[in-house]
Amino acid sequence: MKRALVRFASSFFGTKQPQSKPTMASNRFFPNNMLDFDERHSTNLQIPEDHLTEQLRSMVEDITTNIKPVELNAEDGLYLGTAGIAYMFYHLSKIPALHEIRTSLLKEAVEYIRPSLAVAQKYANKKKDVPSFILGNCGIYAVASAVYKATGDSERSEFFKNLYFEAADICKEQRFLSCGSDELFVGRAGYICGALWLAKEINVNPPVQDLHELSRVMIASGREYAVRHQSPCPLMYAYYGVEYLGAAHGLCTILQVLLSVPGYLDANPGDAKDVKNCVDYLLSIQDAEGNFPSATDELHQKHELVHWCHGAPGMVYLMAKAYLVWHEDKYLQACEKMTQLVWNKGLLKKGPGICHGVAGSGYVFLLLYRLTNHTKYLDRAIKFAQFMETEEFKRHARIPDNPFSLYEGIAGTVCFLGDITAPSQAAFPFSDVF
């Protein structure tokens, strides 16, 4: 299987030469030599819908050819497993340009979620791992519930919804995980994020009482850690001993989630004050280019990572949410600064994915397009998609370890291409701030 993946990846990215690990920031991204948006021709922008849909259909065929819906490919949840591919099919089923094949897309989503559910069943007795959203069972349950709802199978949808919501009790203990209980991939922030996403997708009320309780626990956890470690930020968290700040494991997604829980901050003004002070703390450490350190131990270093997982392309979602909640221009200005950085340094050599690749950078422009309605950002998203078709990218971008997965590979890229055709509803997977 591994050899097949490498053969395919070589055909997608072009002929490769062995590359050493990058040591300088210039080795992390391709120079952006594309012409930026011209205000004088703003009325002429056309979304290349037919080309984008043809491109994503070709990628989908490559995914289904190389990754079969079997248990061997279903480990590692949404991040790398077949559940992420099931999400891709579900995501595409909501794209207007693909409406004619919606039924077949949902059929594929069912096929790819089944082996993930079988794997989840094996881990169901490991209670502390069940609430994990990106890497574990709950992410699989959420996508299963949404997929079955879309296919009209209300009974199965309800069953997996209940499994998801029942898992809230597992993570109410402040230190339910020894590695860190609050971040996105396996902790409370991910659980809350998934609960809000699922409730919206299947059109039910979120379990507000549980989400408020989890928010209180998460706030208490962050306060206790901040006091114990004398943090300058009112709330601070660590994952495997590192005080991450970015979207994947860090403070910014925890704050974004707390801003998203319906009614929580309104009902708890003291917590709301601490959350805002934390957002403003992060704003105070944004550098001149617009980037952020990956963790607090990098505060006084040059910030080289411009990824969704670590850096501005993930931090932008928090600042966008802060702007929508508090309507203060400083948050919008921070978003615009980050977006310019992504335009300059977001053509990442790590590949096409959304976690640390070009599609993840492109999603920043789709977010700013929805936030500002400025055509410049839609144009930039289209240009990043077009760059992935160039020989320069195909020959010199790195092959991801998991080239077909949702977060590292082209399944996430497919979501990005589909979203360009419907930019008013575009959203990075599980991170719609509107």
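I shall speak about the aromatic side chains and their surroundings.

Please bear in mind that this is a predicted model. A search of the whole structure finds 28 aromatic pairs. One of these joins Tyr 79 and Tyr 407, which are stacked, with 5.1 Å between centres and 15 degrees between the planes. The pair links distant parts of the chain, the two residues being 328 residues apart. Tyr 79 belongs to helix H3, whereas Tyr 407 lies in the loop between helix H17 and helix H18. Tyr 79 counts as buried because its relative accessibility is 10%, against a limit of under 20%. At 1%, Tyr 407 is likewise buried.

Phe 387 is buried at 6% relative accessibility, and Phe 393 is buried at 0%.

Which residues do ring pairs link into a cluster? They are Tyr 79, Phe 185, Trp 308, Tyr 317, Tyr 363, Tyr 407, Phe 416 and Phe 428.

Phe 29 is buried, with 16% relative accessibility. Beyond its neighbours within four places in sequence, Phe 29 contacts Asn 344, Lys 345, Leu 347, Leu 348 and Lys 349. The charged end of Lys 349 sits over the ring of Phe 30, 5.5 Å from its centre. Arg 156 likewise places its charged end over the ring of Tyr 148, 5.7 Å from the ring centre.

Thank you for your attention.

Technical notes: Residues are numbered from 1 along each chain as its sequence is written. This is a predicted model: local features need pLDDT of at least 70, side-chain atom pairs count only at pLDDT 80 or more; totals for chains, interfaces and linings use all residues. Side-chain values use heavy atoms; hydrogens and water are left out. Buried means under 20% relative accessible area, exposed over 50%, partly exposed in between (1.4 Å probe, protein chains only). Contact means heavy atoms within 4.5 Å. Rings of Phe, Tyr and Trp (its six-membered ring) pair if their centres lie within 6.5 Å; planes under 30 degrees apart count as stacked, over 60 as edge-to-face and the rest as tilted. Helices (H or I, at least four residues) and strands (E, at least two) are DSSP runs, numbered from the N terminus. A charge sits over a ring if NZ of Lys or CZ of Arg is within 6 Å of the ring centre and within 35 degrees of the ring normal.
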